[in-house]
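I went through the model one topic at a time and wrote down what I found.

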Amino acid sequence: MTASPNELKPGDALIIVDVQNDFCPGGALPIERGDEVVPVLNDWIAAAKAGGTPVYASRDYHPQGHMSFDESGGPWPLHCIQDSDGARFHPDLNLPSDATVVTKGVRLDQDQNSAFDQTGLATELRKQEVRRVFVGGLAEDVCVLATALDGRSEGFDVVLIEDATRPVTAEGGATARQQMRAAGVRLSD
Ligand code: VGL
Ligand code: ZN
């Protein structure tokens, strides 16, 4: 069973990972059916708003010449360049005005796949007395995976919203789910 927005309660937070144009069909690093996470996440956002659950939205936000680009010997095509249209959140994602945007991938010398990596997110969540995070977004086998695993390492209960994520590759998605399950992330079989 996938997670349901009506499970949200005090002590929870919603973390929306990298739902940006470049990761959706038509973008620079398109994830198959990546845009299908948007309506699902909008239901979660609506429930979060209604219940006072804090919403965090991470964005991949690379400088020109980033080390993760194939032109620099990295694994990925150019994507999510700072200030580009591809780096913007999907236009249909109903981010609340009080959502916290978590920017990552800005370092020239290393990639930051996890929304927790050097962003201060764990500190902020503790400050908000968050104990459990619901995670969705893109991509399941890259930044969602890294974020969910770091959430566990930081001591949070982590729930993957399975219908709100898509992998770069199907095999990658299967491996990612195994890794998440082994780390104690809640997800369906
Ligand atoms: C991502 C590939 C490269 C992601 C970011 O957000 O999952 N994937 N950079
Ligand atoms: Zn990236």
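Which residues lie nearest the centre of the largest cavity? I found Phe23, Leu29, Trp76, Val142 and Cys143 there, among 13 lining residues.

Conventions. I worked on a predicted model, where local features need pLDDT of at least 70 and side-chain atom pairs count only at pLDDT 80 or more, while totals for chains, interfaces and linings use all residues. Residues are numbered from 1 along each chain as its sequence is written, chains are lettered from A and ligands numbered from 1 in the order in which they are written, and side-chain values use heavy atoms, with hydrogens and water left out.

Cavity. I searched the whole structure and got 1 cavity of 30 Å³ or more. A cavity here is a set of points on a 1 Å grid over the protein atoms alone where a 1.4 Å probe fits but cannot get out, and lining residues have an atom within 4 Å of a point. I noted a volume of about 100 Å³ for the largest cavity, volume being the space filled by probe spheres set on the points. Its lining splits into 9 nonpolar, 2 polar and 2 charged residues (Ala, Val, Leu, Ile, Met, Phe, Trp, Tyr, Cys and Pro count as nonpolar, Asp, Glu, Lys and Arg as charged, the others as polar).

Sheet. I read an open sheet of 5 strands, ordered E3-E2-E1-E4-E5, with parallel pairing (two strands pair if DSSP finds at least two bridges between them; strands are DSSP runs of E with at least two residues, helices of H or I with at least four). Strands E3 (100-104) and E5 (157-166) each have a single partner strand, so one side of each is without a neighbour in the sheet. Neighbouring strands are turned by 20° against each other on average, direction ignored. I also looked up E1 (residues 12-17) and E2 (residues 55-60): they run parallel, joined by 4 bridges. Ile16 has Ala57 of E2 as its bridge partner. Helix H1 (residues 37-51) packs on the sheet and touches E1, E2, E4 (132-138) and E5 (contact means heavy atoms within 4.5 Å). The direction of H1 makes about 140° with that of E5 (axes are lines fitted to C-alpha atoms, and angles run from 0 to 180 degrees between N-to-C directions).

Helix pair. The axes of H3 (residues 143-153) and H4 (residues 170-182) come within 10 Å and cross at roughly 5°. I therefore logged H3 and H4 as roughly parallel (angles under 35 degrees). Leu145, Ala148 and Leu149 of H3 meet Ala176, Gln179 and Met180 of H4.

Backbone. I found a cis peptide bond between Leu138 and Ala139, omega about -15°.

Notes
On a 1 Å grid over the protein atoms alone, a cavity is a set of points where a 1.4 Å probe fits but cannot get out, and a pocket is an open set with protein on both sides within 12 Å along at least five of seven lines; lining residues have an atom within 4 Å of a point. Angles under 35 degrees count as roughly parallel, over 145 as roughly antiparallel, 65 to 115 as roughly perpendicular and the rest as oblique.
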